[in-house]
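Where do they pair, and how are the partners placed?

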Amino acid sequence: MPRLASLPLAVLAGVLTRLAFPDPGWWPLAVVGVALWTLSLAGRSAHAGAGLGLVYGLAFFVPLLHWSGVYVGSMPWLALSGLQALYLALLGAVLAPVLRVAAPGAVRGPDGRRPRWPVAAVVGTSAVAAALWVGQEALRDRTPFGGFPWGRLAFAQADAPFAPLAALGGAPLVTFAVAWCGTLLGLAVLAALPANLPPPSRLRARAGQNRRALGSTAARIALPAVAVAAACAASGLLVPLPTSGRPVRVAGVQGDVPAAGLDFNAERRAVLDNHARATVRLADRVRSGTTQRPDVVIWPENASDLDPYRQADARAVIDAAVDVIGVPVLVGAVLAEPADRLTNASIVWTPGTGPGERYAKRHPVPFGEYIPYRSFFRAVSSKVDLVRRDFVAGSRVGTLDLGPVRAGVSICFEVAYDDLVRDTIRDGADLLVAQTNNATFGYTDEAVQQLAMSRLRAIEHGRAVAHVSTVGVSALIAPDGSQLTRTGLFTPAVLEATLPRRTQLTLADRLGGWPEATLAAAGLLGALALMLGRRRSTGRRGPLESSPSGARDEAARVLTEAG
């Protein structure tokens with residue numbers, strides 16, 4: 001690609017990749033975005049690849065993570081976006097030299113000649129590139145401060161034919177498939193571009209035959225690459241997604257808050273009362289026969305920011321609501337413990353008994369629920385002191401016995417982390433519960449982006465999911481990822497549906513983290529092998545043949561003789 005075209009192409013690729021995520025959630029644009037970024041990297045050095053990766057990452061993450069700066073200003077938002085973009089800069093630095101090996105029209109074997117099957121080189125190199133995508137996401141999901149998995153390609157695919165692949169290899173396999181298709185399409189376009197072929201002035205007689213030869217060369221690479229990409233995209237349709245199971249009636253309570261923003265819990269008693277009141281109204285409808293009695297009720301994260309173990313009035317409100325509905329309720333609460341710290345907890349509340357089993361959030365959000373190196377970051381932004389008391393991390397897996405349900409609980413952003421959700425399945429969860437609070441992000445796309453993660457988790461683990469938020473968007477989700485009922489933002493609502501309880505493990509559950517580890521390792525080893533192979537083959541050729549202009553002259557000579 002011309003150098004001047006690479007930069008705007010990388011920007012466009014990032015914007016289109018963002019549009020693949022909710023809202024609007026146009027999932028095919030993830031493939032298109034990867035394809036365009038692949039085009040922008042064609043023929044570039046590692047340094048240029050890093051720069052184009054940074055540009056692509058900023059064009060992607062800055063609009064995707066806009067919700068993170070709605071109430072705290074642009075500094076944290078841009079800092080988070082820039083940090084995430086650095087991982088794509090690293091990926092670009094590795095991808096650029098890898099893609100040079102498979103550039104259509106320049107693919108050569110160790111002896112300096114074109115391999116007999118250039119399509120195999122394009123397909124194989126594209127698979128290495130896709131595996132590197134998985135490795136990049138694995139690194140970003142874990143570093144720094146426990147990582148930040150937002151923006152994984154898989155999380156844009158809940159409605160796509162790629163999504164069922166999650167049942168085989170989890171989110172990493174979905175990312176691999178999307179990235180592989182995108183890279184293949186990018187190289188297919190590159191093969192068909194006249195700019196990739198020798199200019200007409202370099203070709204001698206029989207220009208018409210030469211053009212036909214050039215077109216045939218492009219078709220021999222482009223068409224099979226497109227066919228492989230289409231087969232990859234359609235492969236998910238062959239994966240069965242069972243949805244049967246023992247039925248359980250679930251009600252999710254979205255009580256709403258007095259106002260959006262960082263002070264959503266300034267009237268903490270009002271938030272608690274909203275959820276208690278909605279539960280009492282549900283009980284009234286059950287008594288009147290207008291709705292079916294639930295087996296369990298789910299309250300969201302932060303439903304009670306008053307510690308019910310220490311504040312008698314808060315406990316009395318919860319007791320009254322639970323006794324009226326007459327079934328176990330999962331209560332999201334903030335506990336004032338340990339000393340000088342806080343705990344984000346889910347508590348099983350039983351009629352007539354009160355609080356029982358509880359789960360403490362294992363992955364508090366850095367800079368949201370605790371401030372690492374507070375004194376250092378205070379010098380960067382005074383906003384860190386909006387988090388007055390740090391939350392501590394729990395240690396036990398989030399499985400709770402909630403009446404007839406063995407619930408696998410994740411709190412807020414925990415639904416984005418593969419291992420936290422997978423641990424609950426391996427501990428016997430037959431229903432997944434995602435409790436969240438989106439009030440701090442206002443009327444942004446954060447809520448629907450998070451909901452898309454819960455939908456992919458349903459497919460990955462073959463479990464129904466109760467995704468319940470204080471303010472929305474909430475949904476009850478079938479094991480195939482379909483939404484049985486859904487709410488809007490900032491409106492009181494109660495969701496009701498009969499969900500299947502399932503105990504069968506998917507292949508993804510059985511394999512655990514191995515697909516991600518295997519793909520990431522294959523990407524690194526494949527990239528190393530390709531770059532070393534290219535170095536050896538370049539060393540065997542003369543200086544003219546090794547240079548870009550020499551390669552074009554050689555291509556012109558070969559095609560002229562063919563003509």
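Phe145 is partly exposed, at 30% relative accessibility. Buried means under 20% relative accessible area, exposed over 50%, and partly exposed in between (1.4 Å probe, protein chains only). The model is predicted: local features need pLDDT of at least 70, side-chain atom pairs count only at pLDDT 80 or more, and totals for chains, interfaces and linings use all residues. Residues are numbered from 1 along each chain as its sequence is written, and side-chain values use heavy atoms, leaving out hydrogens and water.

The structure holds 18 aromatic pairs. Rings of Phe, Tyr and Trp (its six-membered ring) pair if their centres lie within 6.5 Å; planes under 30 degrees apart count as stacked, over 60 as edge-to-face and the rest as tilted. Take Trp27 and Phe162. Their ring centres are 6.3 Å apart and their planes stand at 85°, so this pair is edge-to-face. Trp27 sits in the loop between helix 1 (3-19) and helix 2 (28-41), and Phe162 in the loop between helix 5 (118-140) and helix 6 (166-192), 135 residues apart. Helices (H or I, at least four residues) are DSSP runs, numbered from the N terminus; so are strands (E, at least two). Trp27 is partly exposed at 24%. Phe162 is buried at 1%.

Now return to Phe145. Its ring pairs with that of Tyr373: centres 6.2 Å apart, planes at 55°, so the pair is tilted. Phe145 lies in the loop between helix 5 and helix 6, Tyr373 in the loop between strand 5 (354-360) and helix 10 (374-380), so the pair ties together parts 228 residues apart in sequence. Tyr373 is exposed, at 61% relative accessible area.

One aromatic cluster is formed by Phe21, Trp37, Tyr56, Phe60, Phe61 and Trp133.
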